[in-house]
Amino acid sequence: MEFIMKRLKKYRSFLFLPLLLLLSGCYDMTVQVTGLPGNTPPSEPIYISGNFNNWDPGDANYVLVRNSDSIYEVKLPRGIGEIEYKFTRGDWSTVEKDPCGFEISNRSAFYGDEPIIHDTVRSWNDLPKPDCPSITIIIESVPENTPENAVFYIAANFNGWDPGSRYWMFAFSQGSSGEYYVDVPMINDDVIEFKVTRGDWGKVECDASGNQIDNRVFRGQAGDVVRIDIAGWIDKF
């Protein structure tokens with residue numbers, strides 16, 4: 001019996017050693033948000049969501065705390081390897097975006113590289129994008145046969161040529177003077193190509209005779225205003 005007990009103790013030591021090595025190889029990681037959009041609601045919590053919590057956007061265990069330096073931070077469980085994550089304000093409708101509201105890649109970090117990770121949130125999905133360099137496109141006139149209460153969209157090289165409401169931010173709004181306008185991103189003074197639709201390619205703009213038109217092309221810089229006239233709609237001929 002004494003021999004058996006000695007053997008068991010020996011095996012327990014062998015089992016415990018890998019566990020001890022694993023724990024000693026884990027690292028601490030704190031994630032800090034050092035900058036937020038100016039329109040971030042001050043009363044709403046900010047969460048980190050990632051592959052460490054099944055991408056739960058409102059996990060109470062991963063809410064960031066504002067420290068004495070007004071920096072939001074969260075300490076993650078000790079671990080190893082790579083994490084991927086994004087920030088939200090509680091659900092995926094409020095997830096962070098780039099300055100102009102477009103999707104960003106998952107953030108990533110490796111345990112052991114840096115004990116503190118510093119991030120900046122540029123915009124939120126559900127809030128205006130005041131820091132987006134943009135141009136304003138104004139529709140000055142539309143054909144007389146344009147349906148009442150029609151909604152106009154811009155389909156362009158910056159939104160995957162989506163003709164409809166997949167991106168609500170690219171629907172025109174009507175100003176007090178009756179003109180329709182939309183602000184669109186102008187990143188690095190890229191060339192913008194676009195057309196105007198009423199929600200799908202079957203209702204795209206055309207010339208006054210019902211013929212297809214070439215893409216409109218704009219070469220300029222952020223802050224410019226582009227004024228256009230719609231001569232016809234392809235479905236009205």
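The residues lining the largest cavity divide into five nonpolar, three polar and three charged. In this classification Ala, Val, Leu, Ile, Met, Phe, Trp, Tyr, Cys and Pro count as nonpolar, Asp, Glu, Lys and Arg as charged, and the others, Gly among them, as polar. The structure is a predicted model, in which local features need pLDDT of at least 70 and side-chain atom pairs count only at pLDDT 80 or more, while totals for chains, interfaces and linings use all residues. Residues are numbered from 1 along each chain as its sequence is written, and side-chain values use heavy atoms, with hydrogens and water left out.

The lining of the largest cavity consists of Pro37, Gly38, Asn39, Pro99, Arg122, Ser123, Trp124, Pro128, Lys129, Pro130 and Asp131. A cavity is a set of points, on a 1 Å grid over the protein atoms alone, where a 1.4 Å probe fits but cannot get out; lining residues have an atom within 4 Å of a point. The volume of the largest cavity is about 40 Å³, a volume being the space filled by probe spheres set on the points, with grid points joined across faces, edges and corners. The count of cavities of 30 Å³ or more is one.

One disulfide is found, the term denoting a pair of cysteine sulfur atoms within 2.5 Å. Its partners are Cys100 and Cys132, with their sulfur atoms 1.9 Å apart. Distant parts of the chain are linked by this pair, 32 residues apart: Cys100 lies in the loop between strand E6 (96–97) and strand E7 (107–110), and Cys132 in the loop between strand E9 (123–124) and strand E10 (134–141). Strands (E, at least two residues) are DSSP runs, numbered from the N terminus. The link of Cys100 and Cys132 is right-handed, with 90 degrees about the S-S bond. Cys100 is buried, at 4% relative accessibility, and Cys132 is buried at 14%; buried means under 20% relative accessible area (1.4 Å probe, protein chains only). Cys26, with a relative accessible area of 15%, is also buried, as is Cys206 at 2%.

Strand E1 (residues 27–35) runs antiparallel to strand E4 (residues 72–79), and six bridges join them. Two strands pair if DSSP finds at least two bridges between them. Gln32 stands opposite Glu73 in E4. Strand E4 also pairs with strand E3 (residues 65–66), in the antiparallel sense and over two bridges. Here Arg66 stands opposite Tyr72 in E4. The hairpin of E3 and E4 has five residues between the strands, and Ser70 in this hairpin takes a positive phi near 65 degrees.

Key
On a 1 Å grid over the protein atoms alone, a cavity is a set of points where a 1.4 Å probe fits but cannot get out, and a pocket is an open set with protein on both sides within 12 Å along at least five of seven lines; lining residues have an atom within 4 Å of a point. Helices (H or I, at least four residues) and strands (E, at least two) are DSSP runs, numbered from the N terminus. Buried means under 20% relative accessible area, exposed over 50%, partly exposed in between (1.4 Å probe, protein chains only).
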